Amino acid sequence: MMSMIRKFTVIGAGTMGHGIAEVAAISGLEVWLNDVTEDILKNAKEKISWSLSKLEEKGQIKSKDEVLSRIHLTTDQEEALKDTDFMVEAVIEDINIKSKVFSKADALSSDNAILASNTSSIPISEIAKYVKKGERVVGMHFFNPPVIMPLVEIIKGEKTSEETVKEVYNLAKRLGKDPVVVNKDVPGFLVNRILFRVNEVACWLVESGKASIEDVDYTSITDLGFPMGIFLLQDYTGLDVGYLVGKAMEERGFKTYECKMFEEKFKSKELGVKSGKGFYTYPAPGKFVRP
Ligand code: 3HC
């Protein structure tokens, strides 16, 4: 039983990692946030700081500085993992990179640590192969932006123990989230299996000349009740994230319509909000204004 989380580690400070670190620090946990360069960490801190200011303005947190003081930034992965009680990995969707993080975490974390992955697509049982304590490996999949989106998918792999699932469920509740347990450890789990079907139809409609990007987005809001248009959401989440997640699912047997637009955007580095241009154009890289 994981008695108390004295150290909560997030590996990867990108789109999702920085948001997960923020959520954990808001709930009072001491957080170690790791990534490979100082620049990435600086960027992550700026984003967290912007978000916390918004929450402070609205009275949703007492003190931005107090929350920030609980987030320890480090480029030293070993320091972040040493004796940790809980790790959530949020690195790029690539099993070669994730497996290295997990075997390091296996060796360095505390005996009862839970090792979670925020993977959007890779089955947890595949990740658990790189870890001795497979019963402590679990999926904990947040949605962008983690600080606002209530859902967390908790994915049970072949070896994950019921106790681990229960502990992560309780942790998600403690973080103020609405968790759902996914027992079927298939590529894309639950949400992304739906979302990627929606994305492929949207892409097919545009590529086959049946609708414009703007029409698809307009109708997804007005008729389907989505909070954002389908293409805008991809810009928002990152076209690199979408492309790599789709590829990882495809490699594991989830076949979709091959969307040329998604591939072109990825290859030309038009990644959406983060690069300043995707399907829409933004005032500056990282600055989101609804088109
Ligand atoms: N922190 C703090 N405040 C934030 C914030 C953040 N990270 N992001 C937005 N806000 C604030 C805005 O500043 C704004 O505040 P204001 O009214 O004081 O200016 C308020 O929230 C509302 O934001 P917006 O006006 O920009 O727009 P919306 O009302 O549409 O809300 C949204 C934004 C919550 C992102 C909403 O559009 C939404 O729910 N979009 C869909 C998101 C979604 O589906 N995410 C899942 C993606 S899939 C995924 O992540 C899975 C992965 O595996 C691929």
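Student: Where does proline 145 sit?
Tutor: Proline 145 is in the loop between S6 and S7. Keep in mind that this is a predicted model.

Student: What kind of peptide bond joins asparagine 144 and proline 145, cis or trans?
Tutor: That bond is cis, with omega at about -5°. Both residues come up again at the ligand: Asn144 and Pro145 are among the closest residues to it.

Student: Ok, the ligand then. How many residues surround it?
Tutor: There are 18 of them, and the closest are Ser51, Ser120, Asn144, Pro145 and Pro227.

Student: How does that shell divide by class?
Tutor: The shell around the ligand has 12 nonpolar, 5 polar and 1 charged residues.

Student: Which helices each supply at least two residues of the shell?
Tutor: Those are helix H2 (38-57), helix H8 (191-207), helix H10 (230-237) and helix H11 (239-251). H2 gives the most, with 3 residues.

Student: And where does the ligand lie relative to the domains?
Tutor: It lies between them, because domain 1 (8-182) and domain 2 (191-275) both give residues to the shell around the ligand.

Student: How far apart are the centres of domain 1 and domain 2?
Tutor: The C-alpha centres are 25 Å apart. As for direct contact, 9 residues of domain 1 meet 10 residues of domain 2. On the domain 1 side of that contact you find 3 nonpolar, 4 polar and 2 charged residues.

Student: Which residues point which way from S6?
Tutor: Val137, Gly139 and His141 point one way, while Val138, Met140 and Phe142 point the other way. Both sets are buried. In a regular strand, side chains alternate between the two faces of the sheet.

Student: What about its pairing: does S6 run parallel or antiparallel to S5?
Tutor: Strand S5 (residues 114-117) and S6 run parallel, joined by 3 bridges. Leucine 115 is the residue opposite valine 137 there.

Student: And S6 with S7, parallel or antiparallel?
Tutor: S6 and strand S7 (residues 151-155) run antiparallel, with 4 bridges between them. Glycine 139 has isoleucine 155 as its bridge partner in S7, and histidine 141 has glutamate 153.

Student: How many residues of S7 are buried?
Tutor: S7 is mostly covered, with 4 of its 5 residues buried. It also pairs with strand S8 (residues 178-182), in parallel, through 5 bridges. In that pairing, valine 152 stands opposite proline 179 of S8.

Student: Changing topic: which way does the phi of phenylalanine 189 go, positive or negative?
Tutor: Positive, at about 55°, although phenylalanine 189 is not a glycine. You'll find phenylalanine 189 in the loop between S8 and H8.

Student: Is phenylalanine 189 buried or exposed?
Tutor: Phenylalanine 189 is buried, because 24 other C-beta atoms lie within 10 Å.

Student: Ok, and what is the phi of lysine 269?
Tutor: Lysine 269 has a positive phi too, about 60°, and it is not a glycine. Its place is the segment after helix H12 (260-267). Lysine 269 counts as exposed because it has 11 C-beta neighbours inside 10 Å.

Student: One more lysine. Where does lysine 104 lie, and what does it touch?
Tutor: Lysine 104 lies in helix H5 (residues 95-108). Leaving out residues up to four places away in sequence, it touches Gln77 and Leu81. Lysine 104 is partly exposed, with 17 other C-beta atoms within 10 Å.

Student: Now zoom out. How many helices and strands are in the protein chain?
Tutor: The chain has 12 helices and 8 strands. Its radius of gyration is 19 Å, close to the 19 Å that the globule rule gives for 291 residues, so the chain is as compact as a globular protein of that length.

Student: What box do the C-alpha atoms fill?
Tutor: Roughly 55 × 45 × 35 Å, taken along the principal axes.

Student: And what share of the residues is buried?
Tutor: Buried residues are 46% of the 291 in the chain. For contacts with a separation of 6 or more, 63% are between residues 24 or more positions apart.

Key
Residues are numbered from 1 along each chain as its sequence is written. This is a predicted model: local features need pLDDT of at least 70, side-chain atom pairs count only at pLDDT 80 or more; totals for chains, interfaces and linings use all residues. Domain bounds come from an automatic or database domain assignment. Two residues are in contact if their C-beta atoms, placed from the backbone, lie within 7 Å. Ala, Val, Leu, Ile, Met, Phe, Trp, Tyr, Cys and Pro count as nonpolar, Asp, Glu, Lys and Arg as charged, and the others, Gly among them, as polar. A residue is near a molecule or strand if its C-beta atom, placed from the backbone, lies within 6 Å of it. A residue is buried if 20 or more other C-beta atoms lie within 10 Å of its own, exposed if 12 or fewer, and partly exposed in between; C-beta atoms are placed from the backbone. Two strands pair if DSSP finds at least two bridges between them. The radius of gyration is taken over C-alpha atoms; the globule rule is 2.2 Å times the number of residues to the power 0.38.
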